[in-house]
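Dear colleague,

I am passing on a structure that I would like you to look over. My notes follow it.

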Amino acid sequence: SFAGSPLVLRRPGPGLRDTALRLSHHGHNRARPGVEGADIHYALEVHDDLSALPNVAWADWDTAGRLLIATVAGELRIADVTPAGLETVWSHDLSQLEPAPARAPEWARRW
């Protein structure tokens with residue numbers, strides 16, 4: 001955990017004026033879902049208005065300025081930023097998939 005303020009990164013949306021994705025890293029917390037235990041919170045900044053993106057485990061822009069999102073519940077989404085907020089244009093729920101462990105192919109065993 002960080003002492004003091006979190007690390008905040010701001011990533012402008014490609015081709016989107018006054019729009020950015022903000023990531024706040026608050027240290028590590030293995031008790032909540034996250035990538036490698038990182039306690040990360042995402043927010044969307046539009047014209048200096050900040051809207052939290054709750055239950056987002058990972059997010060980033062694609063080259064077209066759409067937001068790619070992975071939720072803590074196991075859903076993948078593609079969303080457009082509209083004047084009304086985020087509009088999901090595609091989603092797929094992966095939460096019911098079962099892992100199928102398998103031996104790595106030969107090409108993946110060497111670095």
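Helices (H or I, at least four residues) and strands (E, at least two) are DSSP runs here, numbered from the N terminus. By that definition the protein chain has zero helices and eight strands, and from the N terminus on its elements run β-β-β-β-β-β-β-β.

Before the details, a word on provenance. This is a predicted model, in which local features need pLDDT of at least 70 and side-chain atom pairs count only at pLDDT 80 or more, while totals for chains, interfaces and linings use all residues. Residues are numbered from 1 along each chain as its sequence is written, and side-chain values use heavy atoms, with hydrogens and water left out.

On the overall form, the C-alpha trace of the protein chain spans about 50 × 40 × 30 Å along its principal axes. Of the 111 residues, 25% count as buried, where buried means under 20% relative accessible area, with a 1.4 Å probe and protein chains only. The chain exposes about 8100 Å², of which carbon and sulfur atoms supply 54%, the areas coming from the Shrake-Rupley method with a 1.4 Å probe.

The largest nonpolar core holds twelve residues in all, namely L21, L23, A38, I40, Y42, L44, L53, V56, A59, W61, L67 and I69; such a core is a set of buried Ala, Val, Leu, Ile, Met, Phe, Trp, Tyr and Cys residues joined through side-chain atoms within 4.5 Å. Two or more residues of this core come from each of β2 (19-28), β3 (38-46), β5 (56-61) and β6 (67-71), and β3 gives the most, with four. If residues up to four places away in sequence are not counted, A59 touches L21, Y42, L68 and I69, a contact being heavy atoms within 4.5 Å.

β6 deserves a separate look. Four of its five residues are buried, so that by the definition of that term β6 is mostly covered. Two strands pair if DSSP finds at least two bridges between them, and β6 pairs in the antiparallel sense both with β5, over five bridges, and with β7 (residues 75-82), over four bridges. The hairpin of β5 and β6 has five residues between the strands, and in it G65 takes a positive phi near 85 degrees; the hairpin of β6 and β7 has three residues between the strands, with G74 at a positive phi near 95 degrees.

With best regards

How values were computed:
Buried < 20%, exposed > 50% of the residue type's maximum accessible area, 1.4 Å probe, protein only.
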